[in-house]
Amino acid sequence: MAGTDKGDNEVDSKASKPPSSACGDEIQQSDLTNGSSPADSITNDSAKSGVKGSSTNESVTASCSNLEGAACTSKTQSCDDDDSASYRPRSPDHSPNTEDVDFKVIFSKSKYDITFPLDDTVSQLKEHLEVITGVPRTTQKLMIRGLAKDSSTLREAGVTKGCKVMLVGSKLNDILSVSTPSKEELEDKSSPSAKEPLSKQKMHQKVLEKGVPDDVMPGILNTKEALPPYPLSGMLNKYGGKVRLTFKLELDQVWIGTKEQTQKLSMNSIKSVVSEPIEGHEEYHILGIQLGPTEASRYWVYWVPVQYIDAIKETIMGSWIM
């Protein structure tokens, strides 16, 4: 009888003890090495202790209830807080073998360490960066090897470990602060002269009569190209002087350079960008960069190669208004 009582006491003592971990850390480490799941381990422990009629769920519930509430809560939080805020949460569609890549995103004067699935798209990355930076994804421009397309994966766009991705864009408050068109501007747009082709207007004809500049970059019809890594040069301004356009994406600026000076413009300050093909030379455009509230503030550039027109507009104004 003494032996029987001793055995019963040991059984009761084992049944009253909680598992060694409420979050499952120790269970996972010990059981995975034995090739068994945590549920199998708990069930086997219950069978060994002589407790009959108790399920795995009941064992876990009873074990957790025996721990102090604060300690259990604290342990659970420590299991959930392993990931950095820059990590993208895994979706159910991602397999355990999804390959991630570590890189930096530079926006204004800030740098962000990002870890992201290499085969996710640029569009998905923009959604992630909207949460981190506050820049709406529709205004974001990501420069990796030139302007990255939304449909491209990070792998296709050329993202590699440790590389730097440039984010160009405006926060919502900056967008809303842009002034609405004035009454004078609206009247200018509805005037007959605004409907007349640019190349037919006298102010533009004076420049166009000089002919195609000898050193202008070649224009290519029916082609769209990303902006080159060097300035667009050989073009003319309204005075007939040489002008070049340099896009400083890391500063969110476009520089308009002439022989006399270089004007550095914030892309956020530019109200609009317009262009029209030059009649008889459709491989080139007249480009107007509006710096103020009215059309009178447009800076005109002549003989802009047509293949770069869409890239210029998208880089300055963003695809969200195209």
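In which strand is the place of T262? Select residues 262-266: this is strand β8, and T262 is in it. Strands here are DSSP runs (E, at least two residues) and helices likewise (H or I, at least four residues), numbered from the N terminus.

Before going further, note that this is a predicted model, in which local features need pLDDT of at least 70, side-chain atom pairs count only at pLDDT 80 or more, and totals for chains, interfaces and linings use all residues. Residues are numbered from 1 along each chain as its sequence is written, and side-chain values use heavy atoms, with hydrogens and water left out.

**Around T262.** With a relative accessible area of 38%, T262 is partly exposed; buried means under 20%, exposed over 50%, and partly exposed in between (1.4 Å probe, protein chains only). Next, display R244, W255, I256 and G257, which T262 contacts when neighbours within four places in sequence are set aside. Contact requires heavy atoms within 4.5 Å. A C-alpha to C-alpha distance to T246 gives 9.8 Å, across a separation of 16 residues in sequence.

**The ring of W255.** Select W255 with K248 and K264. The charged end of K248 sits over the ring, 4.8 Å from its centre, while K264 lies over the face of W255 at 4.3 Å from the ring centre. The criterion is NZ of Lys or CZ of Arg within 6 Å of the ring centre and within 35 degrees of the ring normal.

**The sheet.** Now show the open sheet of seven strands, whose order is β8-β7-β6-β5-β11-β10-β9 with antiparallel pairing. Strands β8 and β9 (272-278) form the edges, each pairing on one side only. Two strands pair if DSSP finds at least two bridges between them; β9 and β10 (residues 281-290) have seven, in the antiparallel sense. Within β10, I286 stands opposite E276.

**The aromatic pair.** How many aromatic pairs does a search of the whole structure find? The search finds one. Select Y284 and W303: the ring centres are 5.7 Å apart and the planes are at 75°, so the pair is edge-to-face. Rings of Phe, Tyr and Trp (its six-membered ring) pair if their centres lie within 6.5 Å; planes under 30 degrees apart count as stacked, over 60 as edge-to-face and the rest as tilted. Y284 is buried at 6% relative accessible area, and W303 is buried at 1%.
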